[in-house]
Amino acid sequence: MSSNSQQLLSKLKTSLPKVETSIEPARTLHVFPDKATSRAKGARAPKLSVSLYQHDIDRLDTIKDFMKSQGFRNLSDSEALRLACRRVAIDGALIDVYKSMQFEDGRRKQE
């Protein structure tokens with residue numbers, strides 16, 4: 001490399017301002033463990049089989065359609081379910097949703 005090129009590169013290294021990245025990204029409602037304690041990269045999630053009623057499948061499709069409209073193509077059912085799980089507020093209102101779900105599904109004895 002010529003002397004001029006080395007001088008130019010040296011100036012560029014010292015003249016560029018450092019970017020501060022103190023802004024935290026948006027978080028889901030769920031608090032996840034630190035990356036250091038989480039699974040190794042490339043580890044697969046455990047498989048889970050679920051049964052859904054047509055209303056729930058329609059809701060999953062609505063989630064997938066919304067994400068598609070936002071530019072996220074080919075969202076899987078698994079990803080849509082994980083979005084729903086991470087977004088749900090776990091509070092007293094969840095009890096009301098559960099009771100409503102029991103009534104709509106007609107599968108469990110009402111409490």
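L48 counts as exposed, at 72% relative accessibility (buried means under 20% relative accessible area, exposed over 50%, and partly exposed in between, with a 1.4 Å probe and protein chains only). The model is predicted, so that local features need pLDDT of at least 70 and side-chain atom pairs count only at pLDDT 80 or more, whereas totals for chains, interfaces and linings use all residues. Residues are numbered from 1 along each chain as its sequence is written, and side-chain values use heavy atoms, with hydrogens and water left out.

L48 is placed in the loop between α1 (3–15) and α2 (54–69); helices are DSSP runs of H or I with at least four residues, numbered from the N terminus. Together with V50, L52 and I57, L48 forms a nonpolar surface patch with about 350 Å² of accessible area. Such a patch joins nonpolar side chains (Val, Leu, Ile, Met, Phe, Trp, Tyr) within 5 Å, from residues with over 30% relative accessible area and no salt bridge. Accessible areas come from the Shrake-Rupley method with a 1.4 Å probe.

Helix α2 comprises 16 residues and reaches 22 Å from its first C-alpha to its last, close to the expected 22 Å (1.5 Å times one less than its number of residues). Just after α2, G71 adopts a positive phi of about 100°.

The structure holds 1 salt bridge, defined as a side-chain nitrogen of Lys or Arg within 4 Å of a carboxyl oxygen of Asp or Glu. In this contact the side chains of D77 and K64 meet at 2.7 Å, N to O. Because D77 lies in helix α3 (residues 77–87) and K64 in helix α2, the pair ties together parts 13 residues apart in sequence. D77 is partly exposed, with a relative accessible area of 42%, and K64 is also partly exposed, at 22%.

How values were computed:
Patch = residues over 30% accessible without salt bridge, like charges linked within 9 Å, V, L, I, M, F, W, Y side chains within 5 Å. Helix = DSSP H or I, 4+ residues; strand = E, 2+ residues; numbered from the N terminus.
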